Amino acid sequence: MNKKFAAAVSGGAVLMLVLSGCGGDDGDEKANAWAKKVCDKWQPELKKIETANADIKRVATESSKPDEVQTTDSAAFGSMSGAYQSMGDALQGAGVPPVKDGQTTQEAAVKGFAATSKGYADLKTKMEGLDPKDQTKFAEGLKEVAGGLEAATQGGKDALNTLKTGGLDKAMNGQKGCQVTTPSPAK
């Protein structure tokens with residue numbers, strides 16, 4: 001049960017890998033300058049997401065006690081919620097991206113990150129509401145939390161797709177701040 005939960009969480013929490021790449025071209029200087037503003041602010045947030053994901057995987061794959069799983073996962077969901085909110089704020093703060101329909105692209109992406117932030121905040125609340133003393137109910141509750149991960153991460157996935165289709169992926173991929181290391185898959 002815990003390994004399935006770890007796999008579900010790691011699949012959702014690392015959705016930022018959609019934008020990461022080997023680097024962009026030196027095309028549009030304005031887009032690159034905008035992307036640098038965003039990615040410089042995203043880097044610490046991406047690290048928080050990676051750390052939170054690693055913590056969740058660690059307690060899910062070890063023989064951790066339910067109260068440790070609850071405390072760790074709750075803290076991780078809170079950290080991810082804050083990180084996605086900050087990422088949306090960074091997009092907003094960078095100004096309208098210099099691409100066709102830039103304002104629409106920006107607004108949609110900010111909205112997507114806000115939705116993922118709220119989704120993780122909701123998962124944190126659900127996690128905190130589980131009773132670690134009743135192993136059966138706790139396991140059932142974990143299944144419910146794991147089941148909510150796809151919905152929680154959908155806004156962030158939509159935001160990344162919006163940025164990609166808006167033509168910003170190349171500029172963002174070229175920024176070190178938007179590049180993350182790919183963790184090895186959970187087994």
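The model is a predicted one, in which local features need pLDDT of at least 70 and side-chain atom pairs count only at pLDDT 80 or more, while totals for chains, interfaces and linings use all residues. Residues are numbered from 1 along each chain as its sequence is written, and side-chain values use heavy atoms, with hydrogens and water left out.

The protein has seven helices and zero strands, where helices (H or I, at least four residues) and strands (E, at least two) are DSSP runs numbered from the N terminus. Read from the N terminus on, the elements go α-α-α-α-α-α-α. Of the 187 residues, 47% count as buried; here buried means under 20% relative accessible area, exposed means over 50%, and partly exposed is in between (1.4 Å probe, protein chains only).

Now to how two of the helices sit against each other. Two packed helices are described by the angle between their axes and the distance between the axes. For H2 and helix H3 (residues 66-93), the axes come within 9 Å and cross at roughly 170°. The axes are lines fitted to C-alpha atoms, for helices over the stretch in contact, and the angles run from 0 to 180 degrees between N-to-C directions. H2 and H3 are therefore roughly antiparallel to each other, going by a scheme in which angles under 35 degrees are roughly parallel, over 145 roughly antiparallel, 65 to 115 roughly perpendicular and the rest oblique. The residues of this H2 contact with H3 split into 17 nonpolar, four polar and seven charged.

Aromatic rings come next, with a count of four aromatic pairs. Rings of Phe, Tyr and Trp (its six-membered ring) pair if their centres lie within 6.5 Å; planes under 30 degrees apart are stacked, over 60 edge-to-face and the rest tilted.

A polar atom of the Thr-72 side chain lies 2.9 Å from the backbone oxygen of Glu-68.

As for charged side chains, the count comes to six salt bridges, each being a side-chain nitrogen of Lys or Arg within 4 Å of a carboxyl oxygen of Asp or Glu. Among them is the one between Asp-40 and Lys-36, at 2.8 Å from N to O. These two residues are four apart in helix H2 (residues 29-61), so about one helical turn separates Asp-40 from Lys-36. Asp-40 is partly exposed at 42% relative accessibility, and Lys-36 is partly exposed with a relative accessible area of 42%. Another salt bridge joins Lys-124 to Glu-128, with the closest N and O atoms 2.4 Å apart. Lys-124 and Glu-128 both sit in helix H4 (residues 102-129), four residues or about one turn apart. Lys-124 is partly exposed at 27%, and Glu-128 is partly exposed at 44%. There is also a salt bridge between Lys-157 and Glu-150, whose closest N and O atoms are 3.0 Å apart. Here Lys-157 is partly exposed at 23% and Glu-150 is partly exposed at 47%.

Most residues other than glycine have a negative phi. Asp-101, in the loop between H3 and H4, has a positive phi of about 55° although it is not a glycine. Gly-102 lies in helix H4 and is buried at 5% relative accessibility. Gly-102 and Leu-163 are 61 residues apart in sequence, with 9.4 Å between their C-alpha atoms. Gly-167 is found in the loop between helix H6 (149-165) and helix H7 (169-173), and Gly-167 is partly exposed at 43% relative accessibility. Its C-alpha atom is 9.6 Å from that of Pro-98, a residue 69 positions away along the chain.

Notes
Nonpolar A, V, L, I, M, F, W, Y, C, P; charged D, E, K, R; others polar. Polar contact = N/O pair within 3.5 Å; in protein donor to acceptor, adjacent residues only side chain to side chain.
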